[in-house]
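Q: I am new to this structure. Can we go through it one feature at a time?

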Amino acid sequence: MKIFIDTANLEKIKEANSWGIVDGVTTNPSLVSKENTDFKTLVKEICKIVNGPISAEVMGCTAEDMVKEGRELSKIHKNIVIKIPMTKEGMKATKVLSSEGINVNVTLIFSASQALLACKAGARYISPFVGRLDDAGQDGMKLIAEIMNILDCYDFETEVIVASVRHPIHVVEAAQMGADIATIPFDVLDKMFNHPLTDIGIKKFQDDWEKCASSKAPAK
Ligand code: E4P
């Protein structure tokens, strides 16, 4: 499974990328609004750090505006993926951009029927939001299972990005279901490294090594 980092913060992207496990980046307007930089400059900087798909979202509401923005954003770098919301206008824009060879990530997917329509429109990626479904009292991971079942039956080239990830268990379940990608906030990615037995194990190895090293020290 590929791992994307879900942030627009350059320091966090640099740090996570240095861990050797980041395959791409997703941003959204809320994440970008937290950074005090011009959108296109920010996206350009992200492309310099991570050599993989970088999602940048359009803000227009009509297909015409989305296509225009998508074409502009795609000129920034070959790795740019245009993020488009799951609306009828969004699907019209997805069809146009994908037929021009521009990769589209259809975002704000909350049902299997939406996922199917996005695949039909030519989306390279679809982003079902599991955490927001959980927040609304539905089972977000159940949606991933449904989507993976549908995609198993056909030859769509669409990859599933498990989005709105809230904790490491979302990621593990996504991997067990065969999801292609999870896009993970920095703090969740950080938590995935931790296990108390790893810390205890390292300390014991170090203590034992120290004891052994002092007992084997040459006599003065
Ligand atoms: C996905 O691409 C979105 O940026 C993101 O996962 C949304 O997550 P949130 O529900 O934590 O805002």
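Q: How far does a polar side-chain atom of lysine 83 lie from an oxygen atom of the ligand?

A: Bear in mind that this is a predicted model. To read a polar contact, look for a pair of N or O atoms within 3.5 Å. Here a polar side-chain atom of lysine 83 is 2.6 Å from a ligand oxygen. Arginine 132 also places a polar side-chain atom 2.7 Å from an oxygen atom of the ligand. For serine 164, an N or O atom of the side chain is 2.7 Å from a ligand oxygen. The protein covers 85% of the 350 Å² of accessible area that the ligand has on its own.

Q: Which residues are around the ligand?

A: Start from the list, then sort it by class. The list is Asp6, Thr26, Asn28, Lys83, Phe129, Arg132, Ala163, Ser164 and Arg166. By class, this shell holds four charged, three polar and two nonpolar residues.

Q: Where does the ligand sit?

A: The ligand is in the largest pocket.

Q: Is methionine 91 buried or exposed?

A: Compare the relative accessible area with the cut-off: buried means under 20%. Methionine 91 has 12% relative accessibility, so it counts as buried. Methionine 91 belongs to helix α5, residues 88–99.

Q: How should I read side chains along a helix?

A: An α-helix has 3.6 residues a turn, so residues three or four places apart point the same way.

Q: Which residue caps the N-terminal end of helix α1?

A: Look for a side-chain oxygen and a backbone nitrogen. Asparagine 9 is the cap of α1, which spans residues 10–18. A side-chain oxygen of asparagine 9 lies 3.1 Å from the backbone nitrogen of glutamate 11. After α1 comes glycine 20, with a positive phi near 80°.

Q: What does the side chain of threonine 158 reach?

A: Begin with its place in the chain. Threonine 158 is in the loop between α8 (140–152) and β7 (159–162). The side chain of threonine 158 reaches the backbone oxygen of alanine 123 at 2.9 Å. Threonine 158 counts as buried because its relative accessible area is 8%, and buried means under 20%.

Q: How many helices and strands does the chain have?

A: Now step back to the whole chain. It has 11 helices and eight strands. Its C-alpha atoms fill a box of roughly 85 × 40 × 30 Å along the principal axes. Of the 220 residues in the chain, 44% are buried.

Notes: Residues are numbered from 1 along each chain as its sequence is written. This is a predicted model: local features need pLDDT of at least 70, side-chain atom pairs count only at pLDDT 80 or more; totals for chains, interfaces and linings use all residues. Side-chain values use heavy atoms; hydrogens and water are left out. A residue is near a molecule or strand if one of its heavy atoms lies within 4 Å of it. A polar contact is a pair of N or O atoms within 3.5 Å; within protein, one must be able to donate a hydrogen and the other to accept it, and residues adjacent in sequence count only if both atoms are side-chain atoms. Accessible areas come from the Shrake-Rupley method with a 1.4 Å probe; for residues, only the protein chains shown count as cover. On a 1 Å grid over the protein atoms alone, a cavity is a set of points where a 1.4 Å probe fits but cannot get out, and a pocket is an open set with protein on both sides within 12 Å along at least five of seven lines; lining residues have an atom within 4 Å of a point. A molecule sits in a cavity or pocket if more than half of its atoms lie within 2 Å of its grid points. Ala, Val, Leu, Ile, Met, Phe, Trp, Tyr, Cys and Pro count as nonpolar, Asp, Glu, Lys and Arg as charged, and the others, Gly among them, as polar. Helices (H or I, at least four residues) and strands (E, at least two) are DSSP runs, numbered from the N terminus. Buried means under 20% relative accessible area, exposed over 50%, partly exposed in between (1.4 Å probe, protein chains only).
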